Amino acid sequence: MATVTVVIPTYNEADNLPALAAELLALPIPGLRILVVDDDSPDGTGKVADDLATAHPGHVSVVHRKVREGLGRAYVQGLETALADGADYVVQMDSDFSHPVDAVPRLFGTAEATGAACVIGSRYVSGGTLAAEWSLRRRALSAWANFYVRTILRIRLRDVTAGFKIWRAADLAALHLDGIASGGYSFQVEMHYRASRAGMTIIEIPIHFSDRRAGTSKMSLRVQLESALMPWRLLFKR
Ligand SMILES: Nc1nc2c(ncn2[C@@H]2O[C@H](COP(=O)(O)OP(=O)(O)OP(=O)(O)O)[C@@H](O)[C@H]2O)c(=O)[nH]1
Ligand SMILES: [Mg+2]
């Protein structure tokens, strides 16, 4: 039986995490594990995660990071921990319900059936949809970011900034996470770039992307600036 570990980075997500964990643990994926990576959230998400780990021994565990260094750094540590703990497949997922829990079995099934290195839950393939609440400005920004990155880096993905995906462990390990340059959200793009440069197969399946359920966005100007510059950094590093 394959082990699937869902890595969930959190910063001030105490109001979302318990319900998200409950929905994930109820999925028809035997032995599914959750690994929360918390950056010492001031709202006590770390304690909430510890309580979940106590309630679900062997199924929920927590990485506590002392300093907030951004989504990318949290993911590097979380993905490396999941690999070291023997996961066969590793899921990346936001903690705010933007990514549909009921699509996790579809990601897993597609990865198993195809042997792809990565299966992305995509907003921008046929059948993918965005939260109705998203303003025109936000839709345009997201579409522009995708076009910008895809064009500069020549990555043949519709949703190149996607944060919801599953990796085959062997392929994920081959990406050498210790060399990742991104601190923030550009981590997602850098990973897709590495995988496609390595000739790995990446598949996109449609999802519905919802607005966050509770809490507030952690997107900052600094994160946006890094995301705008990262494609050029990756291109010239080559
Ligand atoms: N550990 C950690 N997690 C983070 C950090 N920044 C963001 N996250 C998490 O990464 C996920 C995505 O962040 P969001 O704030 O939802 O970003 P967003 O989806 O662009 O913004 P919203 O539309 O408001 O949801 C969430 O689960 C956050 O809690 C960070 O610095 N450290
Ligand atoms: Mg979000």
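Which helices do the buried residues of α5 pack against? I looked this up in a predicted model, where local features need pLDDT of at least 70, side-chain atom pairs count only at pLDDT 80 or more, and totals for chains, interfaces and linings use all residues. Residues are numbered from 1 along each chain as its sequence is written, and side-chain values use heavy atoms, with hydrogens and water left out.

**Entry on α5.** I found that α5 runs over residues 136-153, helices being DSSP runs of H or I with at least four residues, numbered from the N terminus. Its 18 residues reach 26 Å from the first C-alpha to the last, close to the 26 Å expected at 1.5 Å a residue. I listed S142, N146, V149, I152 and L153 as its buried residues, buried meaning under 20% relative accessible area and exposed over 50%, with a 1.4 Å probe and protein chains only. Because these residues cover an arc of only 150 degrees around the axis, they lie on the same side of α5. They pack against α7 and α8 (221-237). The face turned away from this buried side carries the exposed L136 and R137. Just after α5, I noted that R154 takes a positive phi of about 55 degrees.

**Entry on α3 and α7.** I then followed α7 (residues 187-197), whose axis comes within 9 Å of that of α3 (residues 71-84) and crosses it at roughly 55 degrees. On the α3 side the contact (heavy atoms within 4.5 Å) is made by L71, G72, Y75, V76 and L79, and on the α7 side by F187, Q188 and M191.

Conventions. Chains lettered and ligands numbered in written order. Axes fitted to C-alpha atoms, helices over the stretch in contact; angles between N-to-C directions. Helix = DSSP H or I, 4+ residues; strand = E, 2+ residues; numbered from the N terminus. Expected span 1.5 Å × (residues − 1). Arc of directions from axis to C-beta.
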